[in-house]
Amino acid sequence: MHKAKDIIPEIARITVRPKDRTPIVLINCPKCGGDLEMQGVRLTCTNIECSADLFTEHFCKTIGIKGLAIKSIEKLSITHPLDLYDLTVEFLNDRLGKNGGKIFIQIRDSKKVDVVKLLCALNIPAVKSTKLNKIFSKFPDLKVLGDFDRLVEVEGMGNRTAEIVTDWYNNFDATIKPITESIGFDLNVQKQLETAKLVAVTGKLPGMSRKEFTNMMVAKGINVQSLTKNTLCLITGEKPGEGNVSKAIKYGIQIIPYHNFIKSII
Ligand SMILES: [Zn+2]
């Protein structure tokens, strides 16, 4: 067992397995009957067409390509989700009928997603978008994912998770990253963070420490920093600092009371 997310397992009760029972171990894919194999922490079907279809379904859901359900994906005969970007509108029309054109546009538009979404769509193991946002707000560089020593410095990052992520990243860096770049995905974390939502806070927040607030925002892809000209809005708690408020007015930055802000993002 390994700790994959922020879940701490608790043993509820211990059951003793009868001696004559052996554990059930899946050796064949329930979908296509192909052989299964452990890849990192995942039990994966070795039939490349079968696993590619499921992988592509996950990819489309995550990246926001709508209308490509598994039945349609099966008609495309692709071996990796990134093959989607090689498909022509004629091919899509031929295989999917009248929806081909719409799907083509959705595939094309999906190239604009940020790097966190792309990594999740490409099935980065052991970390979700919340954790990735946390990693990148501490180290705004994609390469950090291949750097075990820096990864374990991130709050809540265990050794095993860091190991799984670095293994995955090193393989991604060598094989998949060049393809994503040639397709036109933007992998510049630093640039994306600069244009990401930046908010500043002043005053005491009700029932929440500043650190808890920052973590909650990071999970939503919002960065909490000191007030600068680039700040999107200033959130005011109890007794807001006069310096910050007058600076926000001077820069023309929107001032939003904490309660209104929370309501607007939940
Ligand atoms: Zn299978």
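Lys-66 counts as exposed because it has 11 C-beta neighbours inside 10 Å, where exposed stands for 12 or fewer other C-beta atoms within 10 Å, buried for 20 or more and partly exposed for values in between, with C-beta atoms placed from the backbone. This is a predicted model, in which local features need pLDDT of at least 70 and side-chain atom pairs count only at pLDDT 80 or more, while totals for chains, interfaces and linings use all residues. Residues are numbered from 1 along each chain as its sequence is written.

- Lys-66 sits in the loop between α1 (48-63) and α2 (70-74), helices being DSSP runs of H or I with at least four residues and strands runs of E with at least two, numbered from the N terminus.
- From Lys-66 to Asn-188 the C-alpha to C-alpha distance is 26 Å, and the two are 122 residues apart in sequence.

**Domains**
- The chain is assigned domain 1 (36-112), domain 2 (116-190) and domain 3 (196-265), with bounds that come from an automatic or database domain assignment.
- The centres of domain 1 and domain 2, taken over C-alpha atoms, are separated by 22 Å.
- In domain 1, 11 residues are in contact with 14 residues of domain 2, contact meaning C-beta atoms, placed from the backbone, within 7 Å.
- On the side of domain 1 that touches domain 2, α1 provides the largest share, five residues.

**Whole chain**
- The secondary structure comprises 13 helices and six strands.
- Of the 266 residues of the chain, 23% count as buried.

Definitions and conventions
Contact = placed C-beta atoms within 7 Å.
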